[in-house]
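Please look at the sequence and the 3D structure below. The text after them is a guided walk through some of the contacts.

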Amino acid sequence: MSLDIRVETAAAERLYGVCDYYDAESLLTEDERRVLGRLRDFLDREAKPLLADYWERGEFPAELARPLIDLDLMEPAELTVHGSARGIYQGFRIFELARTDASLATWYTAQAGLFRTAIRVGASQEQQREWMPRIIDFSLKGVFSLTEPESGSDIAGGLSTTALRDPEGNGDTWILNGAKRWIGGASTADVLAVFARDVADGQVKAFLVDRKAAGVTLEKIHRKTSLRMMQNAHITLEGVRVPESMRLHNVNSFKDVAAMLKAMRSDVAWIATGIQAGAFEAALRYVRERQQFGRPLGSFQLVQEKLARMLGNLTASLSLVVRLTEQQARGIYRDQDSALAKMQSCLAMRETVALARELAGGNGITLESDVARFHADAEAVYSYEGTHEINALIVGRALTGESAFAR
């Protein structure tokens, strides 16, 4: 057996095969691979057949939510005998979801990443003991509500939603006013983790707001061309009353919010990498099956060059997020590290999905090949959790010691 055949056979036996060219999967334990294999089986059998129709209608496949929750992926019993599930497993969980569909990955990480991180970083120990088990089993569903209609990249200074201690009470109630936008999954959440500026001291605070509380209005954002299955909401808060017990007691400035974003950006980098894997696999499948000029499309030189570039982007991105995850597992969380991973993986993602669309030709703009879905959804991922430019400036600040952000 030649070396090339041996390598190809070994890759085929792995869970991620050729899209994990340098075998990062070898860092996973057998138990972790087994859990991810269950997820793969569910996504292939139950999710994939539904995706094109739901994407075209702009609706989320609600029938997948409970079965996906029941897979017990956040803290699987077999992976938590000696503590929490490892970061590398959590990364590959995101990767597996995103290589199937970006909206599914975004929906799941809204709970397992954004909301859980808000509680882990922002809640007191007492609050965590009460809420964290319910977050893990999804009996308390929440979303991270930071972005506003007029503030995205400048949210640190531009956040305008206000929080005022009720002047007629004894200090145990807050009144929230303002608006949030682009909040994915808000319509099915139990609570909204709302960030607001304290009128008294001008500092950012955070509150868990009952989605059905008086004064809370949710509107679905229509006419999206990306992440069409993900239900994003515009939220209006008018005189919403929140008890002090529902304030996240460890959030007392935007620095505390920034501590959350360090972890969240790494999740988005994993999503961007998973999207590349899905687009690469779809394109590779297409060029192997498609015949042109009496030959398989994959036999042409220019096609093979594009495939090699896509694999290079994917391999570099996967190496980047794996190394970042290993650092974070050792307790190293730096703004510039997660910003670099998010920036670079999303840049590579944009080229990779564009090349996939090119390889599929005219069929690359239809949903049948899967390529079009990855191509469109990548645009949303490119922008959220910090645009390319914002993440680049975070890295640049670390390199030079000078902040280039607008003052």
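The model is predicted.

Start on the inside. The largest nonpolar core has 82 residues. Within this core, Phe92 and Ile275 are the residues with the most contacts. Several helices give two or more residues to the core, among them α2, α4, α8 and α9. Helix α8, which runs over 254-289, gives the most. Its share is 14 residues.

Together with Tyr16, Phe95 and Trp270, Phe92 forms one aromatic cluster. A pair of aromatic rings is described by the distance of the centres and the angle of the planes. In this model the count of aromatic pairs comes to 13. One of them joins Tyr21 and Tyr22, with 6.3 Å from centre to centre and 40° between the planes, and this pair is tilted.

With Val18 they make a nonpolar patch of about 350 Å². Val18 is found in the loop between α1 and α2. How far is each member of the patch exposed? Val18 has a relative accessible area of 34% and is partly exposed. Tyr21 is partly exposed as well, at 47%. Tyr22 has a value of 64%, so it counts as exposed, the cut-off being over 50%.

The charged end of Arg181 sits over the ring of Trp182, at 5.3 Å from the ring centre. Likewise, the charged end of Arg373 sits over the ring of Phe374, here at 5.1 Å from the centre.

Next come the charged pairs. Side chains of opposite charge can pair when their charged atoms come close. The structure holds 31 salt bridges. In one of them, Glu32 meets Arg86 with 2.8 Å between N and O. Because Glu32 lies in helix α2 and Arg86 in the loop between α3 and α4, this pair ties together parts that are 54 residues apart in sequence. Glu32 is buried, with a relative accessible area of 3%, whereas Arg86 is partly exposed at 38%.

Asp44 and Lys48 form one, with their closest N and O atoms 3.2 Å apart. These two are four residues apart in helix α2, so about one helical turn separates them. Asp44 is partly exposed, at 35%, and Lys48 is partly exposed, also at 35%. Glu46 forms a salt bridge with Arg45, where the closest N and O atoms are 2.8 Å apart. Salt bridges that share partners also join Arg40, Glu96, Arg99 and Glu281 into one network.

The last stop is the backbone. Most residues other than glycine have a negative phi, and most peptide bonds are trans. Phe293 is not a glycine, but has a positive phi of about 55°. Phe293 lies in the loop between β8 and β9 and is exposed, at 76% relative accessibility. Glu385 has a positive phi of about 55° too, and is likewise not a glycine. Glu385 is in the loop between α11 and α12. Is Glu385 buried or exposed? Glu385 has a relative accessible area of 18%, which is under the 20% cut-off, so it counts as buried.

Technical notes. Residues numbered from 1 in each chain as written. Predicted model: local features only at pLDDT ≥ 70, side-chain atom pairs only at ≥ 80, totals over all residues. Heavy atoms only, no water. Patch = residues over 30% accessible without salt bridge, like charges linked within 9 Å, V, L, I, M, F, W, Y side chains within 5 Å. Areas by Shrake-Rupley, 256 points an atom, 1.4 Å probe, with all protein chains shown as cover. Salt bridge = Lys/Arg side-chain N within 4 Å of Asp/Glu carboxyl O. Buried < 20%, exposed > 50% of the residue type's maximum accessible area, 1.4 Å probe, protein only. Phe/Tyr/Trp six-rings, centres within 6.5 Å; stacked < 30°, edge-to-face > 60°. Lys NZ or Arg CZ within 6 Å of the ring centre and 35° of its normal. Core = buried A, V, L, I, M, F, W, Y, C linked by side-chain atoms within 4.5 Å.
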